[in-house]
Amino acid sequence: MAQPEPEHKKIFFENLSGAGKAIAVLTSGGDAQGMNAAVRAVVRMGLYVGAKVYFIHEGYQGMVDGAEHIIEASWESVSSMLQVGGTVIGSARCKEFRSHEGRLKAALNLVKHGITNLCVIGGDGSLTGANLFKEEWSGLLSELKEQGSIEADAVQKYSVLHIVGMVGSIDNDFCGTDMTIGTDSALHRIIEVVDAIMTTAQSHQRTFVLEVMGRHCGYLALVSALACGADWVLIPEMPPEDGWEEKMCQKLSANRAGMKRLNIIIVAEGAIDSSNTPITTDYIKNLVVRCLGFDTRVTILGHVQRGGTPSAFDRILASRMGVEAVLALLETTANTPAYVVSLSGNQAVRLPLMECVQMTQEVQKAMDEKRFEEAVRLRGRSFENNLRTYKLLAHRKPECELPVSNFNVAVLNVGAPAAGMNAAVRSAVRVGISEGHKMFAVNDGFEGFSKGQIKEIKWADVGGWTGQGSSLLGTKRTLPAKHIEKIAEQMRKNNINALLIVGGFEAFLSLLDLLTARGKYDEFCVPMVMVPATVSNNVPGSDLSIGADTALNAITTTCDRIKQSASGTKRRVFIIETMGGYCGYLASVGGLAAGADAAYIYEEPFDIKDLQANVEHLTEKMKGSIQRGLVLRNENSNDNYTTDFIYQLYSEEGKGVFDSRKNVLGHMQQGGAPSPFDRNFGTKISAKAMQWVTKKLLETFRQGRVFANSDDSCCLLGMRRRALVFQPVVQLKPETDFVHRIPKEQWWLKLRPLMKILAKYKTSFDVSDSGQLEHVVRNRPLESDVSAAM
């Protein structure tokens with residue numbers, strides 16, 4: 001169980017009062033899924049700390065027009081908006097705000113309401129406008145005083161305007177942030193369309209050319225190409241070399257010759273060639289038809305990418321950032337610059353707004369001046385890694401150019417199936433082949449290994465695996481200790497020089513078994529690495545596991561539908577049971593994403609008094625305008641307070657106010673196609689693991705054989721806060737609760753107070769881990785290779 005921090009290390013925001021402060025929130029520029037979650041978090045957190053909170057409808061236009069466009073927000077006014085796409089408070093581009101007269105009107109309208117704290121959700125143009133407004137603020141107030149529009153004491157009282165920004169943009173084109181609000185949801189829309197198109201393309205042996213958004217940034221095109229295994233991608237940051245048309249046609253033709261029945265080409269709307277000439281979808285279609293004669297279709301996704309409900313990731317990102325924005329506003333002083341709040345890996349950060357804007361503008365300048373490699377570098381390490389990984393996996397080198405290593409590497413899945421496992425295996429196989437290894441696939445985990453279910457796997461064998469759910473290799477929970485001698489025999493028989501295991505807690509236990517077996521069997525004195533993959537997200541040494549995001553989206557989508565089923569009926573509370581074993585990650589983070597009122601987990605013990613308090617809290621809310629309640633329970637949270645018990649308790653105690661329903665989600669959380677997040681996380685973490693294997697093989701090859709018996713040759717590759725880290729499994733033993741199969745310390749427990757605050761509970765919130773001011777640098781040494789896993 002997670003150990004609480006010593007009290008003296010905690011700083012609680014009870015010391016940060018919002019009393020007497022007024023905060024306004026607005027959305028500006030293009031809409032993005034998740035903006036409503038951010039607005040909801042700002043409103044509820046602001047009210048929680050005692051501030052007045054205002055909506056500014058229709059963005060800067062509403063600020064200029066004032067009157068009914070600036071409305072005080074209540075707790076209930078943001079109910080039922082978490083799952084809604086777009087922005088319910090409206091967004092409009094405002095020419096008037098670009099003029100001095102427009103900003104003067106806006107300043108007067110803010111002063112009338114006593115607003116000196118502004119939370120702006122938008123792109124770089126909206127945030128730049130906010131910064132200019134802040135810089136002009138004192139001058140604007142002086143001018144208003146001279147006009148007689150405000151009194152002299154108002155100039156003194158409202159002398160400083162504080163600005164905090166959150167980036168809402170599906171393009172993910174803002175430097176300094178790992179992910180902008182809306183990007184993950186846009187990727188969901190793209191991948192849903194691509195997966196659907198691939199089935200019809202397969203049937204008719206067609207080539208599809210898809211245009212995705214990204215006039216100045218190729219992130220959506222690049223990451224969706226990585227997520228679906230596209231044959232070719234064209235982005236503005238890296239125009240193709242002269243003669244690309246012939247190379248692309250050769251690639252498409254070779255793939256068809258390799259028994260592939262379809263081709264997918266993804267084009268960013270701003271794609272250009274090396275002469276800065278636009279590359280259109282029609283040009284590509286005509287090229288393929290003319291040169292290859294393939295039946296080719298064009299699909300332009302357009303505003304579909306902006307629509308629909310926000311993904312679990314975007315809801316969590318926006319909720320965390322909304323809370324962080326309010327904390328930042330409470331801590332600002334007269335000398336504090338305008339901030340942007342964001343995430344780097346799992347860590348909240350605050351960055352000077354204009355540093356981010358200037359870096360973003362530098363990217364465009366580099367592209368305009370044809371310094372494309374510089375543009376890619378300025379986009380950040382994550383963008384570079386995405387591009388490098390795509391090239392590595394999509395374009396196979398000719399046999400004559402491949403290094404010859406003479407090493408045999410086996411890949412297997414261990415534990416329960418998780419969406420994204422196949423993407424990880426595909427990545428490992430193709431990177432391994434690119435590095436000259438002979439790759440072997442093991443079916444049915446260590447049980448299959450002991451039976452000799454092992455065979456060589458080629459480049460084309462893993463084509464189309466990225467979007468497949470579950471485990472195509474087959475996976476079992478069987479640990480190797482049971483068949484250790486037979487496994488050693490198979491290792492010897494197939495001359496296996498390294499192992500890459502994709503799996504959950506059982507995979508971690510398996511590595512410990514193999515490490516112990518090295519004393520008796522030299523066959524296990526080889527480099528071994530594990531990539532965490534489990535919906536439970538309970539593997540020590542990693543903040544995230546492949547498959548957990550897909551499960552979260554399944555939970556969130558189901559909760560949305562369940563809550564919607566009560567629309568128009570009497571007041572109702574739903575009790576939902578999630579998977580996870582003893583790990584409460586899915587219940588807690590799923591609860592935050594779905595807007596739950598409570599989430600019961602093993603790591604946070606609860607008793608009958610807590611259950612009664614929750615019922616009373618919901619009863620009080622239901623007497624108002626709230627009509628639906630949502631309670632999540634982790635399957636092993638308590639032996640006695642079962643889902644049935646909690647359902648019966650709520651049913652009995654809620655009589656006359658609300659009725660209750662229960663639902664056990666079960667294995668639907670493990671099924672389905674992997675989310676874009678899991679596809680890319682699996683792809684990139686597995687590629688990094690295979691590169692580590694190559695390095696270790698070269699280091700440990702002596703006298704004609706591989707011999708690796710040190711602790712650092714048996715590692716788990718995990719995401720820790722802001723970096724991917726290789727950790728010897730033996731060093732993770734003290735960090736592990738083996739009885740309950742969970743890490744002793746779990747980062748997401750710090751998110752639980754957010755869920756409670758947003759559900760109107762009074763609770764303590766540790767702000768010692770809140771964002772600290774950092775500066776934008778071209779390559780942060782600790783920047784996450786995963787960019788929050790993407």
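Okay, helix α3, residues 100-112: its 13 residues reach 19 Å from first C-alpha to last, close to the 18 Å expected at 1.5 Å a residue. That expected span is 1.5 Å times one less than the number of residues. Helices here are DSSP runs of H or I with at least four residues, strands are runs of E with at least two, and both are numbered from the N terminus.

Before I go on, this is a predicted model, where local features need pLDDT of at least 70, side-chain atom pairs count only at pLDDT 80 or more, and totals for chains, interfaces and linings use all residues. Numbering starts from 1 along each chain as its sequence is written, and side-chain values use heavy atoms, with hydrogens and water left out.

Back to α3. Which of its residues are buried? Gly102, Arg103, Leu104, Ala106, Ala107, Leu108, Asn109, Leu110 and Val111, with buried meaning under 20% relative accessible area, using a 1.4 Å probe and protein chains only. The cover over them includes β2 (52-56), α2 (59-65), β3 (70-72), α4 (124-147) and α5 (152-157); contact means heavy atoms within 4.5 Å. After α3 comes Gly114, with a positive phi near 70 degrees.

Now the sheet. Four strands make an open, parallel sheet, ordered β19-β20-β18-β21, and two strands pair if DSSP finds at least two bridges between them. β19 (598-600) and β21 (659-664) are at the edges with a single partner strand each, so one side of each has no neighbour in the sheet. From one strand to the next, the twist averages 20 degrees. β18, residues 572-578, pairs with β21 over six bridges, and Phe574 has Arg661 in β21 as its bridge partner.

What lies across it? Helix α19 (585-594) lies across β18, β19 and β20, at about 160 degrees to β20. Axes are lines fitted to C-alpha atoms, for helices over the stretch in contact, and angles run from 0 to 180 degrees between N-to-C directions.

α18 also packs on α10 (312-331), at about 85 degrees with axes 8 Å apart. That makes the two roughly perpendicular, a label for angles of 65 to 115 degrees. From α10 you get Ala312, Phe313, Arg315 and Ile316; from α18, Asp549, Leu552, Asn553, Thr556 and Asp560.

Definitions and conventions. Buried means under 20% relative accessible area, exposed over 50%, partly exposed in between (1.4 Å probe, protein chains only). Angles under 35 degrees count as roughly parallel, over 145 as roughly antiparallel, 65 to 115 as roughly perpendicular and the rest as oblique.
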